[in-house]
Amino acid sequence: MQFAGFKSAAFTGDTTMQRTPSTPQSAPKLKLAMATSSDPRLLLLCLCLTLLLHSSAASPRDLRFTVEDIAAVEAALPRRRASAKTTFFEVDRPLRPPKGSSGPCSTLLMSHSFAFTMTKPPVTAAYSPPSCLNDARAVSLAVLEWSADCHGVQYDRIFGVWLGGAELLRGSTAEPRPGGVTWSVSRDVTRYASLLAAGNATLAVYLGNLIDDTYNGVYHANLTLHLYFRRAARSPSAAAPAPADVVVPVSRSLPLNDGLWFVVQNDTDVQSTRLAVPANAYRAVLEVYVSSHYADEFWYMSTPAQNGPFREVTVLLDGDIVGAVWPFPVIYTGGINPLIWRPITSIGSFKLPTYDIELTPFLGKLLDGEEHELGFAVTNAQNSWYVDANLHLWLDPKSDKTTGGLIAYDAPKLAGSIVSNSSDGIDGEYEATASRNISATGWVSSSLGNVTTTFTQRLTFANTNVVSGHGSAQAINQTTDAHTDVDAGGAASQQLHQSFPLYIFLGGDGSGTSSQRLVRRVEIAFDETRAAASTSTLRNEQAAAAEVVLRDDAVVGATWRMRQTYAYGASDGACYLRNVSSVGYDVLFDHHDASCAATRGR
């Protein structure tokens, strides 16, 4: 993440990571079509100068308030509220085991205090399967729980958890209050059951924190694994596919003075590794982790001079693009205005989403017994993006060798443009659009028969950035739509549609006077429809706003509010509805409903 006004914290990446000289195929910058002769860099300069109402006001590329400003807000609160420990939370549906499961069998994997850990090796611990875990196929639900607290002054930090090099969880920490903050997050890690049961491995956790005279907050964290088990082993004919038999990490290897993620530093940087797959693999799915930091933390607000607001993570197999991730715009707990995310944090901040790329059509290439290069690039990237992945492989239990071949493959170049309009070089509007289609069809012959799999991605993106009021206001409207289809003629088939709408407003009044008001508004959603063995729909939406009042360049008060609705429903009977609202640190109402009554008919 980016650390405004905090020069000593400007480094969290490991500059010793390996690079490859190759350039990602079909990953050009978006073409800039200027409707006027105005220089977009002038637009950015004027915008930054105008929005920087005083030293702590956030600019479009520096969307953070200083700890001094936040301390001033806390000082204005009643002493009881400022001194009490606060629980921050990200709204998500609870994880419940299937009916008839036994458990939980809970194991504390690690307990550690992260003080000055930046640019130091990850904290590691020896892992061996809990005594209750004898058969990965018996696991009905596996939950990885991260719980932490912090007192003092500190920025939000990114953290990651790896087992045997495979990433299990990535998240952002909460920013503490004077009285302390506590939070927890749980992730369903059932898909890693084979890894959890495989045997001894190294558990690694990286949380790059910095301690000095100003920033004294230490993050105390516990990591716990909860396991639930079926009464009977999973039937091979179950409608939903079983978790993979092997999980292969696609990440950097220890020892490191950083996380195990690859660090992509610009739009020509390709980070890769070489790997080989078992000879009897019949299905392959790549799960990708991605997060943006430093100059690209707020990539969706980038001007044309900063490569525009469009970003994609491309997955390359031996130099060819085989899939793309168009990421959800995660806003960390200190972003835009940290007050907005207190106590209800932004969608995906405590548990960043992951993205699946079906590689089964390319198994014919991977089954040749040789190592192949799997890499990542980020279109239009600025420094920096953290990317790694896990390759989930299903193995044929009745054969030592499978065969396959690629039938069809089409990955046209990225289509996109940025059109800029400004009459005075300050106020104006620019629109960015992008689209990409990727498709691949391949066959694999195993004891299950000769199965043909088709993987298709249809991706569209639109971003409008409007600057008004002589540069004193900025409004961002963005939508990302991703359609992913996997047709394998069985349980592995699925259709996925994801939509990520985003609206951000930055503005205020009173510029140049002794009394000023800074306004931030955010509306963001993660909407998803998934059709596989069962059909599910998720609508997760937030609307938030904050106002900070300045008098003689000093913060004298602030107000903020949040409203979130979370609605999930599935054809297998699972459902969850939550409607929660807060003003300041107070939760006004928090309604839960898991009876399905509120989600029927959606």
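Here are a few friendly questions and answers about this predicted model.

User: What average pLDDT does the protein have, to start us off?
Analyst: Happy to begin there, with one stretch to keep in mind. Among the residues, 86% score at least 70. Residues 1–62 fall below 50, although this stretch has 169 contacts in the model beyond near neighbours in sequence. For the protein, the average pLDDT is 87.

User: Which residue in β24 is the bridge partner of R458?
Analyst: Strand β23 covers residues 449–468 and strand β24 covers residues 473–487, and they pair in the antiparallel sense over 15 bridges. They form a hairpin with four residues between them, where G469 in the turn has a positive phi of about 60°. Across this pairing, the β24 partner of R458 is H483.

User: Is N280 buried or exposed?
Analyst: N280 lies in the loop between β13 (271–275) and β14 (281–292). Leaving aside neighbours within four places in sequence, N280 is in contact with several residues, including W394, D396 and K401. Its relative accessible area is 14%, and the cut-off for this class is under 20%. Therefore N280 counts as buried.

Notes. Residues are numbered from 1 along each chain as its sequence is written. This is a predicted model: local features need pLDDT of at least 70, side-chain atom pairs count only at pLDDT 80 or more; totals for chains, interfaces and linings use all residues. Side-chain values use heavy atoms; hydrogens and water are left out. Two strands pair if DSSP finds at least two bridges between them. Helices (H or I, at least four residues) and strands (E, at least two) are DSSP runs, numbered from the N terminus. pLDDT is the predictor's confidence in each residue, from 0 to 100. Contact means heavy atoms within 4.5 Å. Buried means under 20% relative accessible area, exposed over 50%, partly exposed in between (1.4 Å probe, protein chains only).
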